[in-house]
Amino acid sequence: MMASRAACAARAVDGGRCGRARRRGAVRAEARGAARVSARASSGTAEARSDAETSARGDALAQTASVGADVKAFTVPATLVAGAPARVFVNVDASGALREASGVTALGGCNGWRCGAFERSMTRVSGTPWMYADIDVDENAYEMTYVFKNDGTSAYENNDSRDFTAAVEHGPTPEEFAEILKLLAIDERARAEANAEVDREMSMTSSDVGAGVTLEKYGRTIVKTPNGEPLSSGSKTQVFWNKAQNPIGGADATSLIMHVGYNEWIRGVEEKFTMRRASGEAQDENNDWWVCDIPVSPTASVLNFVISDADEQSWDNNDKENFRVAVKNVADEDVWAVIRELRFEEKRAAALRAIKEEKERLARRAKEAAKAKQIAIEVGLKQQAFIIYTEPKVPQAGQPLKVFYNKNNTHLNWSQDIHMTGGFNRWTHAGAGEPLKMTPPKEGEEFYTAVVPSVPNDSWMVDFVFSSGIGEGAQYDNRGGRDYHLPVSGGNAKKPPLHVVHIAVEMAPIAKVGGLADVVTAISRAIQDNGHQVEIILPKYQFFNNSVLLGGREYETHFDWGGTTIRVEKCIVEGLQCFFVEPQNNMFSTDSVYGRNDDGERFNFFCNAALEFLNRTARQPDILHCHDWSSAEVARAYWQHYHHNGMHKPKVAFTIHNMNYGQAKLSEAVHHSQMTTTVSRSYAGEVSGSSVVNGNLQKFYGVRNGIDPDIWDPEIDNFLPMKYNAETCVQGKAAARAELRSRLGMSGWDDKPIVGVVSRLTAQKGVHLIKHAAHHTLARGGQFVLLGSAPDPKIQGEFNGLANSLSGDDSGFFFAFDEPLSHLMYAGCDIILVPSMFEPCGLTQMISMRYGAVPVVRATGGLRDTVFDVDNEKERAAWEIAGSSDWKTDGDVTNGFSFEGTDEGSLDYALDRCLDAFYNDREWFRSLQKRDMLQDWSWNKPALEYEELYFKCIGQ
């Protein structure tokens with residue numbers, strides 16, 4: 001039997017009501033203790049308080065004797081001491097508000113008036129214009145603020161509206177005080193929750209919820225109490241349950257589990273009890289009685305329970321009604337008072353524990369994120385090592401550096417001589433040397449070598465290009481215009497931040513239509529996390545006025561342009577500085593991002609207005625980054641209208657998220673931009689023949705998207721029944737599977753593999769393969785679930801028919817966007833299917849891996865760049881994910897199953913192998929899920945690539 005909260009409460013009650021006051025005192029003492037901060041516990045605090053008291057209680061006349069007549073107010077001591085007496089003085093002759101006052105009151109508070117409030121009548125210092133009041137400084141103070149009131153006229157002397165302030169020492173810091181306020185708020189919330197919970201339980205009776213002492217069903221008794229009477233609160237008793245004709249646990253079951261709660265599950269499942277077959281009870285076709293011993297909670301008016309098998313895989317919840325047994329509550333006022341205090345202590349402790357766990361999680365997450373970033377850098381260095389590497393592997397400031405270069409893997413493979421030109425800090429450092437002729441390799445070796453005598457102490461990057469000679473006629477290896485750059489460790493200089501401005505029409509979560517919104521937010525956060533300044537400019541849509549995330553909007557500026565007034569507001573969204581451009585001609589007074597016939601005209605106007613805003617406010621960003629057809633106008637407009645009219649510094653980066661829309665605008669932006677990217681390397685190759693980019697391939701790059709691990713994180717996901725990480729994924733995904741099956745009306749029998757699809761239902765997404773996969777999964781003994789809808793009524797009708805034909809315990813279809821359900825799908829599915837005909841990048845497969853669902857994908861675009869087949873792509877996976885050329889030594893990092901063709905047989909090839917793995921080696925399959933969860937598909941690596949391209953744009 002698990003530890004019982006009810007039993008603990010009963011023992012507390014049995015411990016005697018005389019302990020109640022002691023417990024309350026202990027709780028208050030604990031709250032005070034939690035509020036004490038180490039700063040106030042310093043060895044000099046007691047002495048400082050004693051000195052302050054001696055000073056403050058001295059002769060008032062002497063205290064004012066040396067104070068100048070122009071001083072309005074002061075305190076004794078001048079620097080106050082937290083938790084000690086003090087005295088405040090005011091010179092009434094120096095104050096117009098107080099000069100004729102018959103009486104004066106000193107009012108004040110500490111820490112921005114958030115604690116230590118006081119109001120004291122003041123006493124005249126005989127023969128002087130001074131008045132004083134004695135106060136006690138709050139022990140939590142770090143600063144005191146005070147004013148004076150004329151008692152006759154209610155006029156105030158408040159230091160010309162600035163109030164008077166005095167510093168306080170031996171108290172908490174402002175940061176520590178903020179923590180104290182949090183603790184006090186926790187106490188208040190815990191007390192309110194405990195009171196509400198207990199009040200609800202006190203008002204409950206068995207009859208309110210229809211609980212009895214027996215349950216009759218199917219012509220037989222299912223539940224009964226020992227004597228046919230209600231149970232008694234606080235007592236130890238038994239509850240009987242009839243398993244007859246119930247398959248739970250099987251016919252030869254030896255144990256079952258009763259999951260117990262009270263008062264309509266007010267506190268959830270509080271206890272689990274192991275049941276046994278009851279002795280002395282009838283055993284026949286209609287009677288198979290099981291029993292367990294239960295210490296009934298002293299607060300109970302109703303006992304609730306459900307039954308499971310020993311493995312908690314099969315359940316009986318009385319057809320979703322749960323089982324109820326009546327309880328006679330015999331608790332008196334003193335018992336309820338003790339319970340109330342125990343609930344407060346419990347809720348307070350739970351809140352403090354949650355805060356501690358969250359701090360630990362954030363610290364662990366920060367450590368993991370730092371490690372992931374470092375690994376991303378190391379993988380880049382490994383992938384570069386077949387051309388260039390150094391000793392030491394990471395250059396050290398102040399130390400010599402040996403450089404190794406293999407010409408055979410470059411276009412300089414023909415040259416006998418190799419020269420190295422080096423520099424620092426992306427060529428901005430004055431210490432760049434002359435080209436060095438490298439030492440040729442010895443026989444049997446491949447790498448040329450050269451030594452940099454010393455890496456400067458003020459360097460953060462070392463830079464290289466290699467050439468066949470020096471001067472005219474020499475050919476260079478400059479890594480396709482990006483040069484070779486290696487980060488330096490131990491330097492005393494930091495990388496200067498770039499200023500990047502994104503101009504876009506979507507941004508998650510405030511203006512999200514598709515993946516573009518997610519990418520704009522995520523890439524901005526990732527670049528900002530790398531130490532750069534990032535800002536985003538968006539249209540001010542009308543629906544922003546109703547957004548709870550934009551309640552903090554502030555006015556930034558306004559100007560007349562384009563035949564109207566442009567108002568600009570700003571707000572921090574997802575940690576990013578955003579600006580909202582609002583033409584007063586109602587151009588963006590819309591309830592949606594897209595959908596009007598003049599979308600192109602409106603977005604072109606917005607792009608020019610955004611550039612005008614930057615120009616009017618004298619901003620000179622390094623990079624203007626625009627996205628897709630909707631903000632492609634930025635590239636042309638900047639170079640034609642703004643580069644020579646004030647905003648001379650920026651270079652333009654342009655990202656194509658989907659090549660299928662607005663190709664004329666895409667082509668125009670590609671022509672005018674200094675770099676163009678698309679959202680995966682494979683997709684860049686697939687579209688390289690398009691007229692949009694094929695004339696500018698020298699500046700066209702594929703950089704895969706990533707996911708934001710703080711948004712997609714099963715460890716903190718409130719949409720899941722149980723939060724989990726890679727170490728607890730088996731339990732967490734089991735809970736999610738049970739909840740998903742419950743939501744979609746599916747059976748949990750035999751814990752079959754769940755294959756899921758989360759997708760728009762369009763031809764691009766491979767709808768013919770999705771339909772086939774539904775049939776095939778069920779034929780293979782699995783379960784199939786789908787979340788998505790079709791914009792095409794014909795396709796939607798086909799899927800409606802599919803859902804009807806497959807309706808039953810092993811399939812579930814939900815034809816609408818449902819954010820919470822999407823999270824549950826990723827967590828509850830064992831397998832996520834993405835059979836796209838083409839996919840520029842795709843986030844689904846990366847999110848699925850983050851949640852431990854194994855991806856089965858068609859190898860196209862970004863799907864090919866992120867999913868590596870467990871049977872066929874061990875070498876490619878090792879190189880792309882880990883920078884390894886030896887997977888057998890460095891480990892298998894494959895993560896899913898893939899197929900090439902577009903026919904059903906090709907899909908079956910991948911899906912069958914995945915299902916076979918589930919059926920034949922469940923332990924290995926679970927280990928694959930864990931491996932997927934541990935892989936980094938965040939923006940760490942893409943952000944480094946974008947940073948490199950940004951620097952290339954500006955010539956560094």
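These legends walk through a few close-up views of a predicted model. Local features need pLDDT of at least 70 and side-chain atom pairs count only at pLDDT 80 or more, while totals for chains, interfaces and linings use all residues. Residues are numbered from 1 along each chain as its sequence is written, and side-chain values use heavy atoms, with hydrogens and water left out.

**View A. Helix α3 and its buried side.** Helices here are DSSP runs of H or I, at least four residues, and strands are runs of E, at least two, numbered from the N terminus. In α3 (residues 45-56), the buried residues are Thr45, Ala48, Ala52 and Ala56 (buried means under 20% relative accessible area, exposed over 50%, partly exposed in between, with a 1.4 Å probe and protein chains only). Ala46, Glu47 and Thr54 are exposed, on the face turned away from that buried side.

**View B. Strand β16 and its partners.** Two strands pair if DSSP finds at least two bridges between them. β16 (residues 271-277) runs antiparallel to β15 (residues 256-262), joined by five bridges, and Met258 sits opposite Phe273. With β18 (residues 287-295), β16 pairs in the antiparallel sense over two bridges; here Arg277 stands opposite Trp290.

**View C. A salt bridge between Arg343 and Glu197.** A salt bridge puts a side-chain nitrogen of Lys or Arg within 4 Å of a carboxyl oxygen of Asp or Glu. The closest N and O atoms of Arg343 and Glu197 are 2.7 Å apart. Arg343 lies in helix α6 and Glu197 in helix α5, so the pair ties together parts 146 residues apart in sequence. Arg343 is buried at 6% relative accessible area, and Glu197 is buried at 10%.
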